[in-house]
Amino acid sequence: MDLSIKIKNKTLPNPVGVASGTFGYGEEYAPLTDLSKLGAIYTKAVTVEPRPGNPLPRLVETPAGMINSIGLANVGTKGFLEEKIPFLKTLSCPVILNVAGSLEEDYAEVIRRVDFQDAIWGYEVNISCPNVKHGGLAFGTDPVQVERLTSTLRKLTDKPLIMKLTPNVTDITAIARAAEAGGADAVACINTVMGMVVDIHKRKPAIPAGTGGLSGPAIKPVGIAAVYRVSKAVNIPVIGLGGIMNADDAVEYLLAGASALQIGTANFIDPDTSGKVLAGIKKYMREAGFTKISDFHGYF
Amino acid sequence: MKNFKSKILSQKSIALGYMEMKFSWPEDCETPKAGQFLTIKIQEQPIPLLRRPFALSAYNQEEKSASIIYQVRGTGTEILSSMKDGETLDVLSPLGNSFTMPKKKETPLLVAGGIGLGPILYFARELDKAGYSPILVFGCRDKSLIPDLPPLKNGRIQFCTDDGSEGFHGSSVDYLNCLDSSELKNAYVYSCGPTGMLKACHNFAVSKNIPSETAMEEMMACGVGACMGCVVELAEGQEKQYARVCKDGPVFQSRIIKWT
Ligand SMILES: Cc1cc2nc3c(=O)[nH]c(=O)nc-3n(C[C@H](O)[C@H](O)[C@H](O)COP(=O)(O)OP(=O)(O)OC[C@H]3O[C@@H](n4cnc5c(N)ncnc54)[C@H](O)[C@@H]3O)c2cc1C
Ligand SMILES: Cc1cc2nc3c(=O)[nH]c(=O)nc-3n(C[C@H](O)[C@H](O)[C@H](O)COP(=O)(O)O)c2cc1C
Ligand code: FES
């Protein structure tokens with residue numbers, strides 16, 4: 001059974017990775033799941049300068065989901081190189097750096113400063129964070145900006161470049177095509193969906209920013225629809241995520257057109273979800289007589 | 001830290017709306033310390049979705065069991081309270097840091113409010129066993145909320161009620177203010193409970209120039225330090241603006257917290 005997925009000139013050993021922002025930089029979950037079995041670790045976003053993040057509370061639970069307003073809290077590029085890379089170097093699974101910024105130049109600066117690190121397999125470019133005022137989402141909603149940013153970053157690295165798309169747009173396929181035109185090697189869909197909870201006792205939004213990013217089972221149908229539409233619109237691999245809790249959810253994404261997957265919020269509930277999902281995908285493949293991941297595709 | 005399955009050994013109500021649950025602790029899991037906590041996956045269905053955090057309130061080495069004290073507040077704790085002896089819990093523990101042992105000559109003043117009782121009780125019993133004379137002050141609204149607690153050997157437990165229906169009439173910090181100066185000379189304050197109470201304990205410690213630690217609570221998603229969701233804001237002059245309750249805490253020196 002061949003579970004590997006090729007992206008540009010590199011191979012992911014299996015389709016099940018862990019999503020950015022839900023797995024730190026790997027270390028926190030090392031006692032709880034076998035990191036060497038992961039298809040990839042997508043790190044917490046890294047920006048040029050360290051970011052303290054948004055005011056609290058930053059989390060609120062919703063029906064079958066949660067809303068976060070972390071605000072890209074992270075150690076910055078220098079902190080990443082000094083504090084996080086040493087551990088990531090010890091891992092055998094691919095490490096994909098999630099890059100964020102406010103300006104095109106910020107994204108470029110992060111990649112310029114870390115690209116020499118062999119421990120970094122590739123990049124996932126976060127053009128879809130709903131929790132910061134400048135950039136992030138603003139990039140990801142405009143095809144012209146997406147194509148320009150992608151082609152700028154393309155010139156800076158030979159490593160795989162994955163653009164992570166937001167569902168908070170009118171037509172996600174237009175954004176995906178722009179990323180492909182700019183030279184992206186894959187797209188990931190979806191980032192969190194904009195959501196809000198009102199505290200009726202305090203008569204104000206439950207989180208200070210008002211709106212935040214909804215994740216978890218509540219957004220799975222949104223993610224599946226995005227993957228289905230995007231995979232028909234582009235010729236590069238589509239990485240699917242959003243609400244995957246178990247192997248059945250993962251198979252849904254694969255049948256809808258995903259080539260690889262990420263487990264996000266589910267890590268919080270069961271830190272070994274990725275291991276269980278991979279085992280479940282293998283079982284499904286055996287029973288269906290599938291020999292490779294691409295056997296999932298093209299059913300509808 | 002381990003994710004394990006545990007059997008519920010017993011559950012009982014200890015005060016109005018408060019339950020104590022005892023459950024098995026695996027042989028190969030480290031001993032939890034006072035102040036540390038666990039998270040429980042309530043059920044397979046995604047509502048409620050997130051694990052629920054609770055502080056350890058006791059640990060029994062011989063029996064290989066641990067306990068929590070919890071308040072029935074919403075869906076998650078309601079489901080938990082309906083679970084029967086012998087049922088299985090999905091536990092992730094021990095998480096977070098723990099209270100620091102005071103110096104030998106110090107008098108530990110342990111202040112608990114509401115669901116803050118669990119970790120304070122655990123620590124009081126540890127200190128009591130270690131030969132300290134802890135004073136555990138538990139404050140609540142009225143006597144219906146006072147749990148039935150076995151006495152300490154060397155230390156004592158003081159109940160305070162807002163309405164005076166039992167114990168000291170007034171808040172736990174009012175009680176601290178009534179202690180005589182000899183008891184406060186080498187005191188060390190430890191607190192866990194509602195934020196207002198924690199702030200008052202901090203102010204009390206500052207006014208008496210005694211050290212103070214506090215166990216904080218924030219909404220959590222991962223519980224292991226990965227999501228940056230459970231932060232508290234730190235006082236000015238600290239190296240960082242925020243600290244994670246689950247990983248850098250839940251116990252902090254109260255002077256490093258920004259009390260608003
Ligand atoms: C470190 C820590 C230790 C705790 N120790 C205890 C304890 O020993 N005993 C006890 O009774 N309670 C404790 N709590 C609070 C306990 O986690 C909540 O009461 C419980 O999660 C409520 O769940 P629910 O589904 O019944 O209520 P819900 O209706 O879902 O929520 C009621 C309130 O509980 C809090 N809450 C809900 N989910 C979480 C979560 N995932 N993380 C943090 N808070 C949440 C929120 O303030 C919410 O408004 C602790 C919390 C933390 C962070
Ligand atoms: C607490 C939290 C923090 C996140 N931080 C990031 C981030 O830094 N960069 C990013 O691209 N996505 C981030 N995400 C989005 C997730 O990677 C993922 O796209 C989203 O949660 C949907 O997947 P899920 O439903 O499986 O969680 C974050 C999500 C959560 C819940
Ligand atoms: S709950 Fe995730 S960092 Fe504390």
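Predicted model: local features only at pLDDT ≥ 70, side-chain atom pairs only at ≥ 80, totals over all residues.
1. Strand β1(B) covers residues 2-15 and strand β2(B) covers residues 18-24; the two pair in the antiparallel sense over six bridges. If you want a spot to look at, take I8(B), whose bridge partner in β2(B) is F23(B).

2. Now follow the chain from β1(B) into β2(B). The two strands form a hairpin with two residues between them. One residue to check here is G17(B), which takes a positive phi near 80°.

3. β2(B) also pairs with strand β5(B), residues 65-71. That pairing is antiparallel too, with seven bridges.

4. Over to ligand 2. Which residues come nearest to ligand 2? Of the 23 around it, they are S20(A), K164(A), G216(A), G243(A) and T265(A). By type, the shell splits into seven nonpolar, 14 polar and two charged residues.

5. Some side chains put polar atoms close to oxygen atoms of ligand 2. For T265(A), a polar side-chain atom lies 2.6 Å from a ligand oxygen, and for K164(A) the distance is 2.7 Å. N98(A) has a side-chain N or O atom 3.0 Å from an oxygen of ligand 2. Taken alone, the ligand exposes 600 Å², and the protein buries 98% of that.

6. One last thing to look at is the space that ligand 2 takes up: it is the largest cavity.

Note on methods. Residues numbered from 1 in each chain as written. Chains lettered and ligands numbered in written order. Heavy atoms only, no water. Near = heavy atom within 4 Å. Polar contact = N/O pair within 3.5 Å; in protein donor to acceptor, adjacent residues only side chain to side chain. Areas by Shrake-Rupley, 256 points an atom, 1.4 Å probe, with all protein chains shown as cover. 1 Å grid on protein atoms, 1.4 Å probe; cavity = no way out; pocket = protein on both sides within 12 Å on 5 of 7 lines; lining within 4 Å. Sits in = over half its atoms within 2 Å of the grid points. Nonpolar A, V, L, I, M, F, W, Y, C, P; charged D, E, K, R; others polar. Pairing = 2+ DSSP bridges. Helix = DSSP H or I, 4+ residues; strand = E, 2+ residues; numbered from the N terminus.
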